[in-house]
Amino acid sequence: MAAASEPWQAVGPRRRRCSAARRPRGREAPARGPEGEPQADCGVVLRRIREAGEDLLLSDFWSLALETINGCLTKHLEQLKASEGTLSEALGNLHLDSSPDEAAVTPGSIPGETPVPGICRLKCVCYGIGNFATCVIARHQLTFLLLFLEKCQIPRRHCWVYDPLFSQTEITVLNMLGVTVLSENEEGRRSIGGEPTVFYMPHCGTALYNNLLWGNWSVDALAKMLIIGNSFRGLEERLPARILQKNYCYIAKILEALEELKLPETSQYTDIFNDTSVHWFPIRKLQQLPPDAWAFWEEPDYRDCEGLEIIRNKPRAPSAADLSSL
């Protein structure tokens, strides 16, 4: 799928990061990769992804992270009460005995990824992964996503990926890997449409999480969501209460209805998955929120928000047809 052709408007300062959609901590400038090359071809990028997969599967972080995700998914999937057992079967594949050679490496795959028959109802959406062709941090985060899809038996075609900074090479690589590349900047406002969905958003801007909650602001929708991304508790600790309430009110409101488990911290992946947690929303906690928390459902407005760490759509100029209809 081709990338979106419309121009983008960057909002807020660019600081140390692989993508403007992410928090600054632990990020590298995307202009040149750590290997000193401005841009690699598809074959080189795929090889580096496979190598990153080998490293990740051998690490203590991978097994510990799976254990953490397994704990959250167990509770989350029990809450969903899947009718035909497909989600329970997916949960059963979150085993912890992975090894790099458990499947042959083929073009467009990573070690440990095996074909999964049938269809799993669990979907996945990934925002803001960054320039993985040139950034080691983004590459490891993409590798984690691919292994996560395999362990949860989520077909890659049921994973939607987007970052407005993707290069054409990166879009081509993602298509080769089998994931679905979105062509429009949703700014995180995607509704799950009643389908259980995992959102993978490592180190994204706070507004992106706030937009995602707004787009699914109901007990039914939030109960079917799981978010892997910046710690909401960490945001609560870092941001003054008045800023959280004014600029990111949906994050502020959901804190009382949240279950969160932090991913493990290991020296090898400190800058890659730091401050990253798995979040889910128990129905009983959602139902305990006051009625006025649900009554207010206005679209977020960031016009007075300083340091907004997302890339937003530039307003479309009126077309000739629009002007002629006036």
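How many of the 326 residues of the chain, as a percentage, count as buried? The share is 55%, where buried means under 20% relative accessible area, exposed means over 50% and partly exposed lies in between, with a 1.4 Å probe and protein chains only.

Before selecting anything, note that this is a predicted model, in which local features need pLDDT of at least 70 and side-chain atom pairs count only at pLDDT 80 or more, while totals for chains, interfaces and linings use all residues. Residues are numbered from 1 along each chain as its sequence is written, and side-chain values use heavy atoms, with hydrogens and water left out.

**The whole chain.** Colour by secondary structure, and you have 14 helices and nine strands; helices (H or I, at least four residues) and strands (E, at least two) are DSSP runs, numbered from the N terminus.

**Helices α1 and α5.** Select residues 42-58 for α1 and residues 168-177 for α5, whose axes come within 10 Å and cross at roughly 60°. Axes are lines fitted to C-alpha atoms, for helices over the stretch in contact, and angles run from 0 to 180 degrees between N-to-C directions. The two helices α1 and α5 are therefore oblique to each other, given that angles under 35 degrees count as roughly parallel, over 145 as roughly antiparallel, 65 to 115 as roughly perpendicular and the rest as oblique. Show the side chains of Cys-42, Val-45, Leu-46 and Ile-49 in α1, which meet Thr-169, Thr-172, Val-173, Met-176 and Leu-177 in α5; contact here means heavy atoms within 4.5 Å.

**Helices α2 and α4.** Next select residues 60-80 for α2 and residues 136-151 for α4, whose axes come within 12 Å and cross at roughly 50°. This pair, α2 and α4, is therefore oblique as well. On the α2 side the contact is made by Phe-61, Trp-62, Ala-65, Leu-66 and Ile-69, and on the α4 side by Phe-144, Leu-147, Phe-148 and Lys-151.

**Helix α6.** Move to residues 206-215, the helix α6, where 10 of its 10 residues are buried; among them are Tyr-209, Asn-210, Asn-211 and Trp-214.

**Ser-277.** Finally, select Ser-277, which is placed in strand β8 (residues 276-280). With a relative accessible area of 0%, Ser-277 is buried. Its side chain is joined to that of Glu-260 by a polar contact of 2.9 Å. Leaving aside neighbours within four places in sequence, the residues in contact with Ser-277 include Ile-227, Ile-228, Gly-229 and Ser-231, and also Leu-261. A polar contact is a pair of N or O atoms within 3.5 Å; within protein, one must be able to donate a hydrogen and the other to accept it, and residues adjacent in sequence count only if both atoms are side-chain atoms.
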